[in-house]
Amino acid sequence: MESLDQLDYKILEILQVNNMTSQKEIGHTIGLSAPAVQRRIMRLREIGVIQRDISVINPAYIGSPITIVVDVEMEVDKVELTRETKNKFKNTPQVQQCYYVTGEVDFVLVIIVYTMQEYEALTHELFFNNPGIKRFKSSICMDAVKVGLALPVPANIVRR
């Protein structure tokens, strides 16, 4: 894995806020020329630091999604069953985030649906029809107080 320097971290910090920021503006902010910024961004993409560029959509414009946090407990701890369950969660578009965790539960999911009927059907597909699932607990989000997409850049590396 290639190491990143302070300028790389500064570029990443800026791009995570707005990846449409011009290379000229980034360069001006961090003290590099636009071509130097362009080379660094290309390298960050090539080595896999920047995985993709996306647009964050305001849900108010496409409907009112329901966010549900689901704790999932597996019946038994078998490698193959866990792998199949991970793949099922990965390949389900409504599962926005999936964490394989330690503690009382095995998975924590963040699911987005548009109706409770859609969620009910999804519970059958993901949980009731999976013999490896012992139980699941759903928590309906009342308010998205904070939804973060940016990774915090280590404070001891980036100084402005």
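Author: Buried means under 20% relative accessible area, exposed over 50% and partly exposed in between, with a 1.4 Å probe and protein chains only. This is a predicted model, where local features need pLDDT of at least 70 and side-chain atom pairs pLDDT 80 or more, while totals for chains, interfaces and linings use all residues. Residues are numbered from 1 along each chain as its sequence is written, and side-chain values use heavy atoms, leaving out hydrogens and water.

Reader: Thanks! Is Glu-73 buried or exposed?

Author: Let's find it first: Glu-73 is in strand 1 (strands are DSSP runs of E, at least two residues, and helices runs of H or I, at least four, numbered from the N terminus). Its relative accessible area is 17%, so Glu-73 counts as buried.

Reader: Which side chain makes a polar contact with the side chain of Glu-73?

Author: Glu-73 touches several residues beyond four places away in sequence, including Glu-104, Asp-106, Gly-132 and Ile-133 (contact means heavy atoms within 4.5 Å). The polar contact of its side chain, at 2.8 Å, is with the side chain of Arg-135 (N or O atoms within 3.5 Å, one able to donate a hydrogen and the other to accept it; residues adjacent in sequence count only if both atoms are side-chain atoms). The partner asked for is therefore Arg-135.

Reader: Which element gives the largest share of the largest nonpolar core?

Author: That core has 16 residues, and Val-70, Val-72, Phe-89, Leu-109, Ile-111 and Phe-127 touch the most other members (a core joins buried Ala, Val, Leu, Ile, Met, Phe, Trp, Tyr and Cys through side-chain atoms within 4.5 Å). Two or more residues each come from strand 1 (66-74), strand 3 (107-113) and helix 5 (116-128). With 5 residues, the largest share belongs to strand 1.

Reader: How many residues does another core have, apart from that one?

Author: Leu-12, Ile-14, Leu-15 and Ile-41 are among its members.

Reader: Which residues does Thr-123 contact, leaving aside neighbours within four places in sequence?

Author: Thr-123 sits in helix 5 and is buried, with a relative accessible area of 5%. A polar atom of its side chain lies 2.6 Å from the backbone oxygen of Glu-120. Leaving those sequence neighbours aside, Thr-123 is in contact with Phe-128 and Phe-136.

Reader: How are helix 1 and helix 3 oriented to each other?

Author: The axes of helix 1 (residues 6-17) and helix 3 (residues 34-46) come within 11 Å and cross at roughly 80 degrees (axes are fitted to C-alpha atoms over the stretch in contact, with angles from 0 to 180 degrees between N-to-C directions). Angles of 65 to 115 degrees count as roughly perpendicular, under 35 as roughly parallel, over 145 as roughly antiparallel and the rest as oblique. The two helices are therefore roughly perpendicular.

Reader: At roughly what angle do the axes of helix 2 and helix 3 cross?

Author: Ile-26, Gly-27 and Ile-30 are among the contact residues of helix 2 (residues 23-30), facing ones such as Ala-34 and Gln-38 of helix 3. These helices are also roughly perpendicular. Their axes come within 8 Å and cross at roughly 105 degrees.

Reader: How far apart in space are Tyr-9 and Pro-154?

Author: Tyr-9 belongs to helix 1 and is buried, at 19% relative accessible area. Although 145 residues separate Tyr-9 and Pro-154 in sequence, their C-alpha to C-alpha distance is 8.5 Å.
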